[in-house]
Amino acid sequence: MRVGIAGVGFMGSTHAAAWVETSAQIVGFVAGSPESARPLAQKYGAKVFLDFSSMLDEVDVVDICTPTHLHVPMILEAAARGKHIVCEKPLALTVKDALEAVHACRQAGVHLHVAHVVRFFPEYALAKQIIDQGQIGRIATVRLLRGSYRPKKPVGNWFLDESKSGGILVDLMIHDMDYARWVAGEVESVFARKVSAVYHDSPVDYGLVILKHRNGAISHLAGAWAYPPPTFRTRFEISGDRGMIEFDSQATSPIENLTVKPYAEAPDVGLPSSPVRENPYTAEIKEFYAAITEGKMPRVTAEDAVAAVQIAVAAVQSARSGEVVYLKPL
Amino acid sequence: MSLKIGILSFAHLHAEAYIQNLRAIDGVEVIGLADDDEQRAEHFARLFGVHRFRTYEELLDAHPEGVIICSENSRHLPLVKMAAEAGAHVLCEKPLATTVQDAEEIVRICRQAGVLLMTAFPMRFSTPLLEVKARLDAGELGHVYCFNSSNQGELPKKHRAWFVDRALAGGGAITDHTVHLVDVMRWYLGSEVSEVYAVANRIFHADEVEVETGGVVWVTFENGVFATIDCSWSRPPYWPSWGGLSFEMVTSRGAVWVDAFRQNLTVFTHTLQRPYWAFWGSDPNQAMIEDFVQAIRDQRPPRVSGEDGLRAVEVVEAAYQSVSNGQPVRLHRRQL
């Protein structure tokens, strides 16, 4: 199986490292400019394609790691050419686009896997397993926090362009929207606000979102682009009528690094990390690979990705209007 | 000459702390307690070795300079009225009342009678919270944008059955655990709440109580700051403490995490067979009670007012309104 990777930022390179762990062959990379794709191509002994459609000529699977606003056009093109697709989250910036992408892939008979990688992080996967075993009973409240610093410029600047990334509520917080829905079920309503919408020149951003689930559970989501680099912190607290689970990446970090780390050394975007044998991105790509080659059901489906987009878009709408947004079943 | 203080009702468990706080202050005489529940009166009078007055009137006839009211939430108003008429200064347990109307009445009565009225918001005296307030005022932390806060606890039913009785408590988790953080934020910001949104459920202890046990209250301030308050009774009975109060305050300089009850030892004992937290920080109740006493001595307003109590009750009432109509509610602040 031949893979081509579109986008050579953090996700493109991380996914490339993960594909190496499968039996697939990385054929090449395509990026905004051929020069930027060269280092990765060299590293993996692969080609640099000049454009996306010429890459499609030579691959069976495309892995789309480009800025979010480019996802859907690329998916539509790849599907029309009969190629399987792995796509970074968020799938799309609107529900309409997300649905169009899913329908196109369904009609073309190609796989569409969206990289909601949080489901593959061992701490989040284990919590889900404990919940599914009934260890904490019926879920009543879910508190999720994901915090880092604002993506740096110039590499990360598309993150800050809301028309391209959707901003903090979409780009960062969709992770936890998907996770909340995974553990607590379908979402009925969304209420959200973010700092940058209230304080237009704020140097930091922070989003708060309340989800009401159809089964009565309440999720509280917080997302920060407000901490000093290289901070990346996640926390969760999931409470049921028979117990609770809590997690704090800082409290459970097996290594506390008290050496000096200059700002310049911090990566362009904050990244979560805890030393584990197989990194979550690799686990994710392997599972998608097995889905494509062996037809195994992955833990996250394209429909899940559409639902996550729906929640994220509702959050943006709520933050804009100040009202509660009630979701229509998809 | 010593300052005489009486305690009206031991319905709220905080009375047990306050009586000891009073006794730790030089020149304060606890003249006794009165309680309409005879058994309770007898029990606590014996436990603390304090005089038991047969009625509230009898206690007030002994002319205390001040009283602490720790009745059920819905019974604050009649006791405040009696105390104010007797000329006693009042420290009233939170929430000030179960309705805005009662809270307003409490403030008005004390004002007319010329007695001091303090709402028991001990978090204003928490040393970690005072430290943050000082840094904020000094400009070290930049401008505040929002708060992500929680005041979660265990089901309070094991302490007193009335805490989960709507008629006596006013409601469940929202009534119990919204007011402290609303007050802290008003204090930090010097701004008033303009809008409230809230969600609630009854999944924790669903078979034991009829009030809401889980909830999040969202408040927006006139100055634009927004905040969430998780007020859930989500802590299981085997949690290492009763619960806690903490918040993340996001500012133009980043964020500050504050936990009012983190100054703990984690203790493991054969007796309990599970870890518990032993608090070694400074007791905020002690500082609050001292302020009440000092306010009486100096004839100055206490550091928390009755109006502060009323503003928090307004948020609680709006939160219930929002829960029932599913949309944010504009807050109409009472003019005093």
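## Basis of the description

Two residues are taken to be in contact if their C-beta atoms, placed from the backbone, lie within 7 Å. The model is a predicted one, in which local features need pLDDT of at least 70 and side-chain atom pairs count only at pLDDT 80 or more, while totals for chains, interfaces and linings use all residues. Residues are numbered from 1 along each chain as its sequence is written, and chains are lettered from A in the order in which they are written.

## Two helices of chain A

In H1(A), the residues A:Thr14, A:His15, A:Ala18 and A:Trp19 meet A:Tyr281, A:Thr282 and A:Ile285 of H12(A); helices (H or I, at least four residues) and strands (E, at least two) are DSSP runs, numbered from the N terminus. By class, this contact has 4 nonpolar, 3 polar and no charged residues, where Ala, Val, Leu, Ile, Met, Phe, Trp, Tyr, Cys and Pro count as nonpolar, Asp, Glu, Lys and Arg as charged, and the others, Gly among them, as polar.

A:Gly28 belongs to strand E2 (residues 25-30) of chain A. A:Gly28 is buried because 22 other C-beta atoms lie within 10 Å, the cut-off for buried being 20 or more, with 12 or fewer for exposed and partly exposed in between. Apart from neighbours within four places in sequence, the residues in contact with A:Gly28 include A:Gly4, A:Ala41, A:Val48 and A:Met55.

## Where the chains touch

Between the chains, 26 residues of chain B are in contact with 32 residues of chain A. Among the elements giving two or more residues to this side of chain B are strand E6 (144-150) and strand E7 (193-201) of chain B.
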